[in-house]
Amino acid sequence: MATKKNGPVIALGVVLGIGFVAPLLAGQPLGFFLEVTLGGLMAGVLYSLVALGFVLIFKASGVFNFAQGAMVLFAALALARLAEWLPGWVGIPAGLPALALAFVLATGIMIVLAMLIERIVLRPLVAQDPVALLMATLGVTFFLDGFGQTIWGSDVYKIDMGISKDPTIILESMFQGGILISKEDLVATVIAAVLVLGLAIFFQKTATGRALRAVADDHQAAQSIGIPLNRIWVIVWAVAGFVALVAGMVWGAKLGVQFSLAQLALKALPVVILGGFTSIPGAILGGLIIGVGEKISEVFLGPVLIKAFDLAGGGIENWFAYVLALLFLMVRPEGLFGEKHIDRV
Amino acid sequence: MIAAFVRQVLQDGRVSSDPVQGAREVRLCLFGTMRGYRMKAAYHTKGGADVAPFARKTSLNAPGSGCPGKETRQMSSMPPASADTFPRLLQHHASVRPNSPSIREKDLGIWQTWTWSQVLQEVRALACGLAAHGLTRGDHIAIIGANRPRVYWTVAAAQCLGAIPVPLYQDAVAAELVFVFQNAGITHAVAEDQEQVDKVLEVKEKAPGIAHIYFDDPRGMRHYTQPELLGFARLQDLGREFDAKNPGFFDAEVGKGAPSDPAAMFYTSGTTGNPKGVVHTHAGLIDRARVACEMEGLTADEEILAYLPPAWIGQNIFSYAQAMVAGFCVNCPEAAGTVTTDLREIGPTYYFAPPAILERLLTSVTIRMEDAGSFKRNLFKYFMGVANQVGGRLLDGKPVSPGERALYWLGDMSIYGPLRNALGMSRVKVAYTAGEAIGPDLFKFYRSLGINLKQLYGSTETAVFVCIQPNGQVKGDTVGPPVKGVEIRISDSGELLIKSPGLLKEYYKNPEATAAVLTNDGWYHTGDAGFLDADGHLKIIDRAKDVGKMSNGAMFAPKYIENKLKFFPYIKEAVAFGDKRDMAAVFINIDMEAVANWAERRGLPYSGYLDLTSQKAVYDLIKDCVEKANADLAQEEALAASQIKRFLILHKELDADDGELTRTSKVRRGFIGEKFGVLVDAVYSGKAEQFIETQVKFEDGRTGVVSATLRIADAATYPAVKKAA
Amino acid sequence: MRPRNIGDVILDVKNISLSFGGVKALQNISFDVKEHEVRAIIGPNGAGKSSMLNCINGVYHPQEGEIVYQGEVRRDMDTHHAAESGIGRTFQNLALFKGMSVLDNIMTGRNLKMKTGILAQALHLGPARAEELREREFVEHVIDFLEIQAYRKTPVGRMPYGLQKRVDLGRALAAQPKVLLLDEPMAGMNMEEKQDMCRFVLDINDEFGTTIVLIEHDMGVVMDISDRVVVLDYGRKIGDGTPEVVRNDPEVIKAYLGVGH
Amino acid sequence: MFYRENGQFKSTYREDQQILGIRQDRWFIFGLIAFALLVVPYWGSDYMFRAILIPFLIVSLAAIGLNLLVGYCGQISLGHAAFMAIGAYAAYNIVVHFPGLNFIVVLVLAGLVSALVGILFGLPSLQIKGLYLGVATLAAQFFVDWVFARVKWFTNYSSSGGVSTAPVEMFGWTIDTPMEKYVFILVVVMVFTLMAKNLVRGHIGRSWMAMRDMDVAAEVIGIRPMYAKLTAFAVSAFYAGVAGAMWGFLHLGSWEPAAFSINFSLNLLFMIIIGGMGSILGSFIGAAFIVLLPLALSQALPLLNNLGLKVDTAMASHLEFMIFGALIVFFLIVEPLGIARLWAVAKEKLRLWPFPH
């Protein structure tokens, strides 16, 4: 059906359309709008990174991993603290070299974590109701939050990627005042793009990747041709752990590593609903839509709402993603790119 | 299922040699023996109240236990003498306790209850309906079905009209029923359901006298068009109409009834030929029921579960006659598969079970306890040991030390109480067992739990109650003294003769059979051999025809001796010789499993059955058993002479395939005596060992030869104990 | 032989076609069911038998055709309306409420007849309680009828398979259906259980006059208990008539009976 | 072991269907109630009422509400604290606009408002289920959080964004001491528990469980999914609303929107997972567990420190997180029906004692 193919386009169109109309209503310049949009896209990249982890795990094991946010926090904490401690332990110079080594170590930690979760939590719960699995990952979330802060500490930590925090102004010629953009965000975008590209290659070209796809398509069939499910799950969780680490690094660098990271990561939930639970492109596009939508609605819709309802400030971005996802669920539960097969009544 | 099982059990106790031709003589005799424990036969003097705070009070308020106040109160609850027929008893209770429960049935998930006045209404409607269909005084009405209120109402309704109810086993096949229907001249039949109706219709082809068939459960009956069929509810509707038109009819019919009228007829099979209809009168049944009620102090508050076949006289006595006399409530289970649950729910205060059922219950307890964790198992073991020591004495009102009492109380909290609850016997005040010999351990198990289980002796012809073990005088190997109204005499041949108000009136239309058992001066020949012990308790030994005499003239009861031995776990079978000889001797089959276990525990090596049987240690083990049995026998003056002097352990297991056992696993004493003649000769010629070669049939049909040199051992005997009466 | 009392057409399926995204599950199926009869639907696996039942009671909505039930014409039913107008249903793969006891499962089948409001229930007020007790008694008759008294309070999951099938039947019976759709009521049963189930099906038909539409694989059972048989094969109807007629229909023999029979 | 059921037979359906069918259970529960009502008020300390009993009881009520939805009807909710918030703010506004209204009426009205919103947020459940519904309820949580944080009308334009309440009054009785609060809450919770029990044993409860266990079969036998699910949402939100109003008025006294955050929601969920899904008793057990564990941990701190383990309060709260998380996983794997199920098994064992289960 026509509407289905055009769905993603229409959705993005609607979000951007609101954005175009809103500044006109508010009498804001277009350059500011573009700046906001770009800012939203950058934030969206971060959402996409977390959402990627969700999608990977859901595709391969049908588990709705509520703990992805906790994994992001855990990975970011590990990275930040290791980078801080390593110079003292092994005499490696602080700064980028320490960060690089910390990244390698943190990757190892996330892989071990993935194996433990698979062994201790998932394997005993195999073939359970999806809701039970969701709740199990809720348990994992709490455990990781507590565990991470116990071993890594619970203050706010920095990840210094050596990129200047100074904003750059681009397109000065086209718009009055140009558009403010942060280098950090640019780097984050690049990293995300590289990661996505890497994942795409991994899934398309490597034998393991193909096995993963086979598992995602049909568990039983995959098992019957000899693909060991348990190993696949470990790999997927490990990959998701790695994705979490990258997200944690980028996010941590931007916002600082702290407990609220885990909560922010919850935003990835509406992202995957928008994009579809099983689609990697969906996760990316969904993240972008939410990121842009949030910023635009906050900046442009916020004042309108504040005026109309006499609000004590904006904060629309706190719920925008969820309500958008909710509306989406009512209209198009399989998401933008998701498979038609859906848990419908 | 249970009914069928019980019937099987009850039939096993009978003497009929033909297992197929469904003879169902139910003899409640008991071949009790005692092992391992011994209770003094002294009458206890303590009153119920101060016997044991730890034992439940209900089990101890025995009449004659020095508690007169209680006794008179119980007596006064008995109906007046004017209520001398069952219909009048029904009317009495309906007026005295109209709103007390009379009968319950678990139906549609709850215990549907009818009060005495409701039951009277139901019976009245039913009787009038039957009358409208021509059932009159002296007619016979067949009742086939499981325990349901309507079965009992039909009995009462027939009795109101002066007709005679004939309850029949619901698992009997049509062919078995034909004779009964013809013999009794049955005109009306009440069948429980489609299955029973089909059966009666089949019988009708050979017994065309059947004019009316009523069915209780209408399921599946929609398409039956036979004119003689009518639903139970319709019959009662008919009765109500009839009653409305003839208002005085019912009471007049009840008024016409006399205590000497026949009240019911129970078919029982002899050893040969057709079944015989045992005719009992109102007076006989009511008298026996009343005497037993008074003796046990049964009141209108008792609850009983009716789960045995209604065609068996015991069921009629416990669940109809006694309920009618004492006015207590009868509970009918929901379905055959729910009896255990129903028993637990009701928790009867009055209970009967044949030994086989008690045995099965104990087995299930044992098996389930095997599965329990080690803590529970050890707890169970420990406290069952305590119960074994203390329980019986507490129940009998014998002295028990405070320490023992405390221990028993702990056991009661943790094991006995829960176990009684699980068995459905928490509230049991009186429980009876009868029908066959009950193993002393089995009997003691229930008693030590605090369940007042007692043995009784009786048969269809004697309306059950001949002897009952009184509270506080329960001896494992006797069935107690004769109850009030019963006279006992031992004939010169050793046969037990009985005179009792509850004796049968006659065998229906069978004067020869009647004359054979009932003498002109009113003595009934039981066919059982027995004697009264020093305390006046009856001890049943065997069927009279199986009892022989030793050459010195002393009584020789082989089955009694064999049973005594078989209660030892190590002895599987025993064959006793001694008839017309100067001493008693036995051949023994060891219980391979038990003895092998015993051998392993003691580290005794053996290579197989034959090897095990020839071991000296095994002979010593068995000798010990034999001597214990001798010690028991020495206690009985009449049997002291038949103590076992010599014994041997057979080299092969007695087997039905080799003709040594009947197909129902009873030893064929005569055949064995001939087959192993060399051994018999060797035993009586005093040899110490004897070689024998025996042909055996293997399971695959081949035959082979087993040969062995068997040791013959001597056993110590004891001087007869002379008892002061 | 059971005396029969078959009435007029109660359910008329006309030209039903059903497809799932290009897969044609049913193609132009028509047949009728008369009141009080036992109507069997047979056919190899994947013939569309269960889909047919699902169309009748509104689980699936056919793209074409109509269903006339008790004179009422409709393209598709909604499940609630189907249940309310007297169409009961059992399931091929047990669809019992696993967390509930036998009694509660069958009581739930009776829910349709229970009307008291939520507040009355919360307060257990007179009418709510009276209704509960009244319907309990009815349900007890069902339990009695199906001879599962011993399992009344057992969680259904703990019962043997054959008895679970009985509970499924009981749950459908509790609503006193006019038409009972039975989806392979004897699948996976041993001989004895099958006999019991046959007896129950016939007894239901006899005692309550319930019209029965059943899917069954056991040809012996079908030939024994059904009045008329519809034969489906790959979504098409290839035979219709009494067991005798169907048994001797060459096309049916070719498509179905010939294989392995 | 303590059960003696012989002779406890039922001769009417009413007896057979009563809530506490076994006499020994009846004694136990009545004993417990008598103890809670007659002994505890005179014996408990203020700390005990304020820190343990009051939160335990209120949170139990909310957990019962959540259990009705999740455990009985099978509809997941990750945002149940939002309904508590709605109840609390509704009660606040009712009291603001109708001062002097009997507090019981306020509670009921607050519950009703919450129930209405519950129906609204339950609407997606007609379309979606499982994980998707979980996200929808999260949306409710965040949206509600935002509304109460930002829309000044709801907080009566208080400058801080928080609200505070005066002591509750009704029938001339001012409920201001912890003991009085405890007694009032206890009675309310008892009444609502009884009503919940009545609901789940009635036909509405069966239709919920039917939806939970096998929704297609439920529809086929004539249960309307819309009715079943929306009533579950409504009742569940009603309970949460009442609990929320009591939490605000009787436990907190004054509060900010963060009082009913997503963490509260997740805690409620943990209560029913640990306590037992589909069990009223489980809701109490779970609530007790979640309320008591942090207290127990903080009590244990000095002990641990004495043992040489360096544990500070921050660490204790992390430890709490870990224990909760591990317990959730443990129960989902080992006993998905929670402690209530273990309790039921234990009871079954006692009934069968000395036989094994």
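**Where chain C meets chain B**

Reply: Chain C and chain B bury about 1100 Å² between them, and carbon and sulfur atoms account for 46% of that area. Keep in mind as we go that this is a predicted model. On the chain C side 16 residues are in contact, and on the chain B side 13.

What kinds of link are there? The rule picks out 4 salt bridges across the interface of chain C and chain B. Polar contacts come to 8 residue pairs across the interface of chain C and chain B, counting pairs with both residues at pLDDT 80 or more.

Now for which parts of chain C do the touching. Helix 5 (126–145) and helix 7 (191–208) of chain C each bring at least two residues to the side that touches chain B. Helix 5 of chain C gives the most to that side, with 6 residues. Sorted by class, the side of chain C that touches chain B has 10 charged residues, 4 nonpolar and 2 polar.

Just past the end of helix 16 of chain B, Gly450(B) takes a positive phi of about 95 degrees.

Also in chain B, find Thr299(B), which sits in the loop between helix 10 (282–296) and strand 11 (303–305). Is Thr299(B) buried or exposed? The limit for buried is under 20% relative accessible area. Thr299(B) comes in at 9%, so buried is the word. A polar atom of the Thr299(B) side chain lies 3.0 Å from the backbone nitrogen of Asp301(B).

Chain D and chain A bury about 4400 Å² between them, with 78% of it on carbon and sulfur atoms. Leu131(D), Tyr132(D) and Trp146(D) supply 17% of the area that chain D buries against chain A, more than any other three residues. The contact takes 46 residues from chain D and 51 from chain A. For salt bridges between chain D and chain A, the count is 0. Polar contact across the interface of chain D and chain A comes to 1 residue pair, with both at pLDDT 80 or more. On chain D, helix 6 (131–150), helix 11 (262–275) and helix 13 (313–334) each supply at least two residues of the side that touches chain A. That side of chain D divides into 34 nonpolar, 7 polar and 5 charged residues.

As for chain A itself, its secondary structure comes to 13 helices and 2 strands. Of its 345 residues, 54% are buried. Among contacts in chain A with a separation of 6 or more, 72% join residues 24 or more positions apart.

Let's finish with the rings. Over all chains the structure holds 58 aromatic pairs. Tyr322(A) and Phe142(D) make a stacked one, 4.3 Å centre to centre with 25 degrees between the planes. This pair crosses between chains, running from helix 13 (residues 317–331) of chain A to helix 6 of chain D. Both partners are tucked away: Tyr322(A) is buried at a relative accessible area of 1%, and Phe142(D) is buried at 14%. Phe238(D) and Tyr239(D) have ring centres 6.5 Å apart and planes at 70 degrees, so their pair is edge-to-face. Phe238(D) and Tyr239(D) are both buried as well. Chain D also has an aromatic cluster whose members include Tyr89(D), Tyr92(D), Phe103(D), Trp153(D), Trp247(D) and Phe264(D).

Conventions
Residues numbered from 1 in each chain as written. Chains lettered and ligands numbered in written order. Heavy atoms only, no water. Helix = DSSP H or I, 4+ residues; strand = E, 2+ residues; numbered from the N terminus. Contact = heavy atoms within 4.5 Å. Buried area = accessible area lost by both parts, 1.4 Å probe. Salt bridge = Lys/Arg side-chain N within 4 Å of Asp/Glu carboxyl O. Polar contact = N/O pair within 3.5 Å; in protein donor to acceptor, adjacent residues only side chain to side chain. Nonpolar A, V, L, I, M, F, W, Y, C, P; charged D, E, K, R; others polar. Phe/Tyr/Trp six-rings, centres within 6.5 Å; stacked < 30°, edge-to-face > 60°. Buried < 20%, exposed > 50% of the residue type's maximum accessible area, 1.4 Å probe, protein only.
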